Amino acid sequence: GLVGSEMCIRDRGSTVRLARLQTKYKWIDTFFDKHRIVSRLDLGINLAADEDLPFIPPSLRYFAGGDQSIRGYSYQELGPYFEYTSSDDKLIRQVIGGRYLMVGSLEYQYYLTPSWRVATFVDAGNAFDVDQIDPIISVGGGIHWITPIGPIKLDVGVGLKGTETDTVSRPWRIHLTMGSEL
């Protein structure tokens, strides 16, 4: 569904007008007896004047990465960032969040038994600003135990692109989630 809000943020005597729109869609279809498709689309936008964007707090910006976003990356690891060198000469990457969010996922699940299934997935997208669009893709698979409280899912995601500070190795993560799909 579509979630929207308009708010006024006051910071040091100035006023920022912001309309925040976010929508999440999920489609689940079981075709044949043991085959299931789960697709997801998350979209978001912060509507504000360009001169007001620097004053939007991180709690209202969009980030990507994590169990419910792009698996293979840690929670809120992805999005617009800036880099700086720390006092001990290490390059630090600080994710600051974006004005827009666009993340999609397609997952195929196969039931081994009524209470066990295996899955494979591809996740793609990112949080971004107009001048910093950087699509990220991850792939992976997992095993799911279907319980009365919902599935307990153990998934492993592998990012197809390294982070800006480590472009050589591919990031990967183990994701453990539980609860209903919707």
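Me: What makes the largest cavity count as a cavity, and what is its volume?

Reply: In this predicted model, the largest cavity has a volume of about 30 Å³. The name applies because a 1.4 Å probe fits there but cannot get out. The structure holds 1 cavity of 30 Å³ or more.

Me: How do you know which residues line the largest cavity?

Reply: A lining residue must have an atom within 4 Å of a cavity point. N46, L53, I56, R61, G98, R99 and D129 line the largest cavity, so each of them meets that limit. The lining divides into 2 nonpolar, 2 polar and 3 charged residues; Gly counts as polar in this scheme.

Me: Why is the set around I70 called a nonpolar core?

Reply: The largest nonpolar core consists of 9 residues: Y62, A64, I70, Y73, L78, L101, V103, A127 and I136. Leaving aside residues up to four places away in sequence, I70 touches A64, L78, V103 and I136, among others. A second, separate core has 5 residues, including L18, A48, L53 and I56.

Me: What makes a residue buried, and what share of the protein is buried?

Reply: A residue is buried when its relative accessible area is under 20%. Of the 182 residues of the protein, 41% are counted as buried, so 41% fall under that limit.

Me: How many helices and strands does the protein have?

Reply: The protein has 0 helices and 10 strands.

Key
Residues numbered from 1 in each chain as written. Predicted model: local features only at pLDDT ≥ 70, side-chain atom pairs only at ≥ 80, totals over all residues. Heavy atoms only, no water. Helix = DSSP H or I, 4+ residues; strand = E, 2+ residues; numbered from the N terminus. Buried < 20%, exposed > 50% of the residue type's maximum accessible area, 1.4 Å probe, protein only. 1 Å grid on protein atoms, 1.4 Å probe; cavity = no way out; pocket = protein on both sides within 12 Å on 5 of 7 lines; lining within 4 Å. Points joined across faces, edges and corners; volume = space filled by probe spheres on them. Core = buried A, V, L, I, M, F, W, Y, C linked by side-chain atoms within 4.5 Å. Contact = heavy atoms within 4.5 Å.
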